[in-house]
Amino acid sequence: GGMIVPALIYWVLQWGQSGQRGWAVPMATDIAFAVGVLALLGKRVPPALRVLLLALAVIDDLGAILVIALFYSAGVNPLGFAVAGAGLLTILLLQRLGVRAKAVYLIPGIVTWAGTYVAGIHPTIAGVVIGLLTPVRAWLGSEGFVAQLEDLLARRTENGPLSGEELRNGLHEIEVARREAISPLDALVEGLHPWVAFVIMPAFALANAGVPIEGIHLEGATGQVALGVLVGLVVGKCVGVFSACQLTRALGLTALPKGLGTRHLLVLGMVAGIGFTMALFVAQLAFASPALLGAAKLGVLAASGIAGVLSVLLGRFLLPATELPGAARTAHEAEGSTDM
């Protein structure tokens, strides 16, 4: 579990909060494959469907993390809760004091992670909570950054060429303005992205996706596990996503972006079956037997491949090859354009 925690912290940091902490979209390994499958359908897939897929990925992975916390955590230790609470309070206090140095938050973050682990709750939850506490609003923003530069240029124009000390001070001001022009969340995402993309996620995939085919006999319990996982991802995901979307629409709780309809939801549900990242992680927690774990991993990988192929076939059969009138042309339009 230790390997995936940094990835999940990064994942949640991209996720953020609404209001003062905003929302952003993650890109886990399996979702990258899902987006790639949609790309194979070309113009049949409007930008709104990609936005809907990424929003679904957030909810789906969060649900998986909650399942891990509720069903794969052994016992509860009050001392761990106290330690985790102290770490979170320290983070909030540092934010209230206006501490801008990101490295300072590393220590209370580790304390929170350790407290969650000691408490008996799966430590991935620490990543979720810390991510939700990360501010999404910049201190200066784009307007403040421009104002700082204009002020520096105005002083240079009024006083003539800058002296060496004035130039150093000006460069320092520009550096501070550059750093504070974007939010802490965006800065952390930018800084962690290379580590997650090229180190953490590949290491996670190599550590969790290995399936020794020669040691798996799909008979009895192992065959049932592999088949159950495969059907759950290919059929269960499709039915579940489609039914949930239709139910919330019928209740008036949600609305689809303009240009999307029932056919798009069917394709979305099938694409959702490409969900191996958290499925592999949960399988490793659920099955202690190497034979059952291998069968579950084989079912996950087979389901992802089947779901990918069926998604392309279903998309070519159901989705129109031309752009629908009134549909959002960009992701930004899709996020603010619904039928409500």
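Predicted model: local features only at pLDDT ≥ 70, side-chain atom pairs only at ≥ 80, totals over all residues.
Here are some notes on the fold, the cores and one surface patch of this model.

1. Ground rules. Numbering runs from 1 along each chain as its sequence is written, and side-chain values use heavy atoms, with hydrogens and water left out.

2. Overall fold. You're looking at 14 helices and zero strands, where helices are DSSP runs of H or I with at least four residues, strands are E runs of at least two, and numbering starts from the N terminus.

3. Burial and surface. Of the 340 residues in the protein chain, 39% are buried (under 20% relative accessible area; exposed is over 50%, partly exposed in between; 1.4 Å probe, protein chains only). The accessible surface comes to about 18100 Å², with 68% of it on carbon and sulfur atoms (Shrake-Rupley method, 1.4 Å probe; for residues, only the protein chains shown count as cover).

4. Contact range. Take the contacts between residues at least 6 apart in sequence: 81% of them join residues at least 24 apart. Contact here means heavy atoms within 4.5 Å.

5. Main core. The largest nonpolar core has 31 residues, and Leu38, Leu41, Leu268 and Val271 touch the most other members. At least two residues each come from H2 (29–40), H3, H10 (221–250), H11 (262–271), H12 (277–286) and H13 (290–318). A core is a set of buried Ala, Val, Leu, Ile, Met, Phe, Trp, Tyr and Cys residues joined through side-chain atoms within 4.5 Å. A second, separate core has 10 residues, including Ala69, Ile121, Ile125 and Met278.

6. Beyond four places in sequence, Leu41 touches Val267, Ser311, Val312, Gly315, Arg316 and Leu319. Leu265 sits in helix H11 and is buried at 2% relative accessibility.

7. Surface patch. Leu66, Val67, Leu70, Phe71, Tyr72 and Leu285 make up a nonpolar surface patch with about 570 Å² of accessible area together. Patch residues have over 30% relative accessible area and no salt bridge; nonpolar side chains (Val, Leu, Ile, Met, Phe, Trp, Tyr) are joined within 5 Å, like charges within 9 Å. A salt bridge puts a Lys or Arg side-chain nitrogen within 4 Å of an Asp or Glu carboxyl oxygen. Helix H3 (residues 47–71) gives the most, four residues. Val67, in H3, is partly exposed at 35%.
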